[in-house]
Amino acid sequence: MKLRITTYNIHKGVSSFGARPRIHALKQAINAMQSDVLFLQEVQGRHDLHALKHATDWPELSQQDFLAGDSHQCAYGMNAVYDHGHHGNALLSCFPILSSRNQNISDHKYESRGILHCVVRAPEAEVHCFVIHLGLFAGSRKRQTAALIEAVSASAESGAPIIIAGDFNDWGNRLSEELRDTLGVTEVFDANLSRRGFGTYLRQLSGRGTKIQPARTFPAAMPFLQLDRIYVRGFKVESAEVLHGAMWGKLSDHAPIVANLQLK
């Protein structure tokens, strides 16, 4: 069984400057990816002010339903709630979503964060999918990672295929080792040594081993920070790439990661 998956922080469907609607262009870009399962962050479930101001460019449907269209099912985890709307994480799947649960992991009152856990019935297995968007502060991320590990361990039986994807805000790459050690996951760029450059070659020659780092995804037009991740268990990673450049820089401040997986 092969799966094509995407993780993408869509910046609430508006431009980084001026908050101009980008949701229709985002839908075209997402459709062009032809992904089976999409892990989306900063999805605007409702925004009355944008809907009023941009009546012709703002869909009547929630963003998760609009982006899912007729080709995917969707599940939504509402995290941040305010007078004129709310936003959160979403999972879009071309396979049936058997169950979904959103867990509040907010660490303080200034940031609303959650874990959206869905079980997807893929052709050869039920896959546990976790959509995550961690906080901006290191202490919060550490505690939220502990909550993620607990949630995965409690809900996905040992050996079950899992995919954890989202915006980890972990620019120092301090969380990957704990996730690998406790959950037995790998990040989709772990084995892609051809992308590591001459520095990796020198480390291997010196016997120090490979310095494993995620891909750079932020800002989208010219990424230099490693914020977005896809961790998998029970899958072989056939390929993984970051989609970045001028076009992607206009759609969101984050670049999407697309990966092709093969069930082990």
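Predicted model: local features only at pLDDT ≥ 70, side-chain atom pairs only at ≥ 80, totals over all residues.
Figure 1. A polar atom of the Gln226 side chain lies 3.3 Å from the backbone oxygen of Pro214. Apart from neighbours within four places in sequence, Gln226 is in contact with Asp170, Trp171, Asn173, Gln213, Pro214, Ala215 and Arg216.

**Figure 2. The largest nonpolar core holds 33 residues.** Ile5, Phe39, Leu91, Ile163, Val188, Ile230 and Phe235 are the members that touch the most other members. At least two residues of this core come from each of β1 (2-9), β2 (37-47), β6 (114-121), β7 (126-133), β8 (162-167), β10 (228-233), β11 (235-242) and β12 (257-263). Strand β12 gives the largest share, four residues. In soluble globular proteins, nonpolar side chains tend to be buried together.

**Figure 3. A close-up of Val188 and the residues it touches.** Val188 is one of the core residues that touch the most other members. If residues up to four places away in sequence are not counted, Val188 touches Ile230, Val232, Val237, Ala240, Ile257, Ala259 and Leu261. Among these, Ile230 is also listed with the core residues that touch the most other members.

**Figure 4. A salt bridge joins Lys2 and Glu238.** The structure holds six salt bridges. In this one, the side chains of Lys2 and Glu238 meet with an N to O distance of 3.8 Å. Lys2 lies in strand β1 and Glu238 in strand β11, so the pair ties together parts that are 236 residues apart in sequence. Lys2 has 55% relative accessibility and counts as exposed, whereas Glu238, at 39%, counts as partly exposed. Side chains of opposite charge can pair when their charged atoms come close.

**Figure 5. Arg46 and Asp48 form a salt bridge.** Their side chains meet at 3.0 Å, N to O. Arg46 has 35% relative accessibility and counts as partly exposed. Asp48, at 38%, also counts as partly exposed.

**Figure 6. Glu111 and Arg113 form a salt bridge between buried residues.** The closest N and O atoms of Glu111 and Arg113 are 2.9 Å apart. Are these two residues buried or exposed? Both Glu111 and Arg113 are buried.

Note on methods: Residues numbered from 1 in each chain as written. Heavy atoms only, no water. Core = buried A, V, L, I, M, F, W, Y, C linked by side-chain atoms within 4.5 Å. Buried < 20%, exposed > 50% of the residue type's maximum accessible area, 1.4 Å probe, protein only. Contact = heavy atoms within 4.5 Å. Salt bridge = Lys/Arg side-chain N within 4 Å of Asp/Glu carboxyl O. Polar contact = N/O pair within 3.5 Å; in protein donor to acceptor, adjacent residues only side chain to side chain.
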